[in-house]
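Here is my note on the model. Please read the points alongside the sequence and the coordinates.

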Amino acid sequence: MESKGPQHTVELELARPPAADEAVHVRVTAGVLPDGARIVARLASGEIIGAVSPYGIRAGEKAGTYAMALPRDQGLEGPVQLNFQLDIAGESPRAPTASELEAVELVFIDIAPPVRD
């Protein structure tokens, strides 16, 4: 699943390991994207974990914030390397600019079942 073309690589570390009732997600904040564009997120292995593919966004508006789950078997003891690529139909893939890929962070998500009374 190796990607072809330029990418933007981000390396992030968790402040602590996730608890048994937590998952780790990648929170991606995307800015204004060209019409028909999507930002594809991959692990260092090339595995796609998600994409920012806005629909219904008016031209010139920011695409927003998206969450992508990291696989539970992804080693989270050290840095997590993520590669981002901007795909536009009919064009060669390229690395997203800083205004297209505004922020990337790792967040903990509570996956504990709800407590019922």
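A nonpolar core is a set of buried Ala, Val, Leu, Ile, Met, Phe, Trp, Tyr and Cys residues joined through side-chain atoms within 4.5 Å. Buried means under 20% relative accessible area, exposed means over 50%, and partly exposed lies in between (1.4 Å probe, protein chains only).

1. Basis. This is a predicted model: local features need pLDDT of at least 70, side-chain atom pairs count only at pLDDT 80 or more, and totals for chains, interfaces and linings use all residues. Numbering starts from 1 along each chain as its sequence is written, and side-chain values use heavy atoms, with hydrogens and water left out.

2. Fold. The chain has 7 strands and 0 helices. Both are DSSP runs, numbered from the N terminus (helices: H or I, at least four residues; strands: E, at least two). Read along the sequence, the pattern is β-β-β-β-β-β-β. The C-alpha trace spans about 50 × 35 × 20 Å along its principal axes.

3. The chain has 117 residues, and 36% of them count as buried.

4. Core. The largest nonpolar core has 25 residues. V26, L70, L82 and F84 have the most contacts inside it. Two or more residues come from each of β1 (8–12), β2 (22–30), β3 (37–43), β4 (48–52), β6 (80–88) and β7 (101–110). β6 gives the largest share, 5 residues.

5. V26. Which residues does V26 touch, not counting those up to four places away in sequence? The list is I49, Y66, A67, M68, L70, L82, V104, E105 and L106. Of these, L70 and L82 also stand with V26 among the core residues with the most contacts.

6. Salt bridges. The count is 5. The rule asks for a side-chain nitrogen of Lys or Arg within 4 Å of a carboxyl oxygen of Asp or Glu. Three of the pairs follow.

7. R16 and E22. Their side chains meet in a salt bridge at 2.9 Å, N to O. Are the two partners buried or exposed? R16 is partly exposed, at 37% relative accessible area. E22 is buried, at 13%.

8. R27 and E105. The closest N and O atoms of this salt bridge are 3.3 Å apart. The pair links distant parts of the chain: E105 sits in strand β7 and R27 in strand β2, 78 residues apart. Both partners are partly exposed: E105 has a relative accessible area of 36%, and R27 has 34%. E105 is also on the V26 contact list.

9. K62 and E102. This salt bridge is 3.0 Å, N to O. K62 lies in the loop between β4 and β5 (64–69) and E102 in strand β7, so the pair ties together parts 40 residues apart in sequence. K62 counts as exposed, at 52% relative accessibility. E102 is partly exposed, at 35%.

10. Pocket. The largest pocket has a volume of about 200 Å³. It is lined by 16 residues, with L33, P34, D35, P54 and I57 nearest its centre. The lining divides into 9 nonpolar, 4 polar and 3 charged residues. A pocket here is an open set of points on a 1 Å grid over the protein atoms alone, where a 1.4 Å probe fits, with protein on both sides within 12 Å along at least five of seven lines; lining residues have an atom within 4 Å of a point. Its volume is the space filled by probe spheres set on the points, which are joined across faces, edges and corners. Ala, Val, Leu, Ile, Met, Phe, Trp, Tyr, Cys and Pro count as nonpolar, Asp, Glu, Lys and Arg as charged, and the others, Gly among them, as polar.

How values were computed
Contact = heavy atoms within 4.5 Å.
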